Amino acid sequence: MSLLVQRSDVSEFRRRFRWIALGMVVGFMVLIGRLFYLQILEVDENKAIARENIVRRVTLATTRGIIRDKNGKVLAASRPSYNVYVVPRRLDMETTWPKLVEYLGVGIEERARLEALITAIRADEGPRKSQQILLKEDISRDAVATLATHDAELPGVDVVPVPVRYYPYEEVGSHVLGYMAEVDAERLASLRSVGYIEGDRIGVTGIERAWESYLRGTRGWEKVLVDAKGRRRTGGDGIIEEPRRVDPIPGRDLRLTLDADIQKAIDKAMRGELAGGVAVIDVRTGRILGLYSKPGYNPNALSGGSGKQVIRDAFRRLYSDPLKPALDKTLSGAYPPGSTFKPFTALAALEKGLIDPRQSSRCRGALTFGKRTFRCTHVHGPVAMQKAIAESCNVYFYRLAAEYGVGMDVIAEMGQRYGLGARTGLGINAEAGGRMPTRAWMTLRNKGQFRLGFGLNAAIGQGATTVTVLQLALAYAALANGGTLYQPQIVRAVETSAGTVVQEFTPRVRRQIDIRPENLTLVHRAMVAGVNEEGGTAFRARVAGVEMAGKTGTAQVSHRLTRGVEAERVWYFNREHAWFAGYAPARSPEVAVVVLVEHGGTGGKHAAPVAFEVVRAYQELAKERRGGPSEGPRAGKSSAGRAPATSGRTP
């Protein structure tokens, strides 16, 4: 009978079985739902994650454009170097990292800094931990070979070839070309949208900065297949999506108007001087053949090819030097022009009909005006306009301002017509505007008071009058070509890496200055006498075979002594600036040359010899190159050495 009766423990088992079965069904439903969610609803996202584990996108560096001079000589190019990048998420800090720092020879302090950086990126939930991060740049060839040998042991580590900027002429022309530096964090935030990433370098000054968008190019990328340890594998068809590779686009090359040989000639001529600037302008086109500032700096050290410590040391020297090598003395520095301004004062008087150029006045070495005595260099005796310019008689020009009505406004108006007191717009470096002071400006500056002595100083290029080397060179080029003031040009063409011209820039005219030819002739003859006649301030600097017209200048500086500094230690900075401005050949001008020797003393002794050496080098180079295509239309011959009237038309 007991066999026919249901046992109580069986019914209990059945109840438990039902719950177990229900739990299993629910569990399977959850698994099926999760699989449906992962494989159906989020299939694209999960495929991307899986693909990211085996497909790596590697950056391909672009090549920065080459900068060449007018004759094709390389002024700035790129040399091969290798940078080490790591992907923080794939980098094993326990096994891979110690080997990597050993192979690279990383010091203790640098290792700690890099570990902190990688740890911070790995802790961040942003995308950076899956991106390549620059670890070390421009590693040695031995280090490259070592990393290549142990590539299988270094998952997450990539050695990427990256070009480094190289300047073969080093300090010569450094301010014109500029240098490059790593993009800082503040600028990077705004530059990411145009393709810059951590570790990228950008032009900071000079042509490198001004023409950055042309030179930089566009980087490329390549997708590669990797295994679980980050090692590259071949194949990938059907796994790696198209496109698999985008080739980098090299930057555009630039052909400048500069002549590297003239730049070297300027550097050689300036070896005996500590500081200054030189500009050489083609008077027929406004193209800059030479632009030189001293002291310069080595852009190779600043552009990052030798490591961060070299950069820091270079900047420390750059900004501790009292001669200010970071300052472009042709564009960013504004100086009193001194007697190089006298031709413009004479032109102002002639154009207004205020003087008879043949009439003489007597120079006794000084002129007393009110309670002040305005001195001359020495006693010149009877002086007419030509002798006053040639021998640089201050008294003659004092009298123009004091007795003949050549006031500050008349002088400023003539200077402004020749582009003085306004930026040239070259655009490669921060440019000083200079100053052509007017009566109203001087009155405002002096609390409502105007003294006639201000006009006497302005007549000889002193007082508040300041110009830049490039401004004065363009103004003298306009004197030489008959009144055409050109827009300065330093980039002649943009080219592809294959040499095809993409864009060519023709000369541009800022204005045609309306000056009576007979007045230009008078000033021209006076400047020829200043170089070629006994008593002329540049007579002793003449060089055989070099025919020039020009004007020397000795510009006074403020003799101020900083408190606590002994006078003997600052004697150099209390010396006058030495100037020479002129053009050659005198009878048919081709180039205008302006030389500033900062705190150099007298213009005839220090600046004029530099100008003659530069012009001689220009003539010798022109003779060697004769027979090739000319730079521009040859200037026409006239009594004032003026260019043809057609030069006044905008090309």
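## Burial and overall composition

Of the 651 residues in the chain, 50% count as buried (under 20% relative accessible area, with a 1.4 Å probe and protein chains only). The model is predicted: local features need pLDDT of at least 70 and side-chain atom pairs count only at pLDDT 80 or more, whereas totals for chains, interfaces and linings use all residues. Residues are numbered from 1 along each chain as its sequence is written, and side-chain values use heavy atoms, with hydrogens and water left out.

The chain holds 21 helices and 26 strands, taken as DSSP runs (H or I of at least four residues; E of at least two) numbered from the N terminus. Among contacts (heavy atoms within 4.5 Å) between residues at least 6 apart in sequence, 74% join residues at least 24 apart.

## Helix α19

Helix α19, residues 469–481, has 13 residues. From first C-alpha to last it reaches 18 Å, close to the 18 Å expected at 1.5 Å a residue (1.5 Å times one less than the number of residues). Because 13 of its 13 residues are buried, α19 is largely enclosed by the rest of the structure. Just after α19, Gly482 adopts a positive phi of about 95°.

## Packing of α10 and α21

The axes of α10 (residues 260–269) and α21 (residues 603–625) come within 9 Å and cross at roughly 150°; these axes are lines fitted to C-alpha atoms over the stretch in contact, with angles from 0 to 180 degrees between N-to-C directions. The two helices are therefore roughly antiparallel (over 145 degrees).

Helix α10 contributes Asp261, Ile262, Ala265, Ile266 and Ala269 to the contact, and α21 contributes Val610, Glu613, Val614, Ala617, Tyr618, Leu621 and Arg625.

Definitions and conventions. Parallel < 35°, antiparallel > 145°, perpendicular 65-115°, else oblique.
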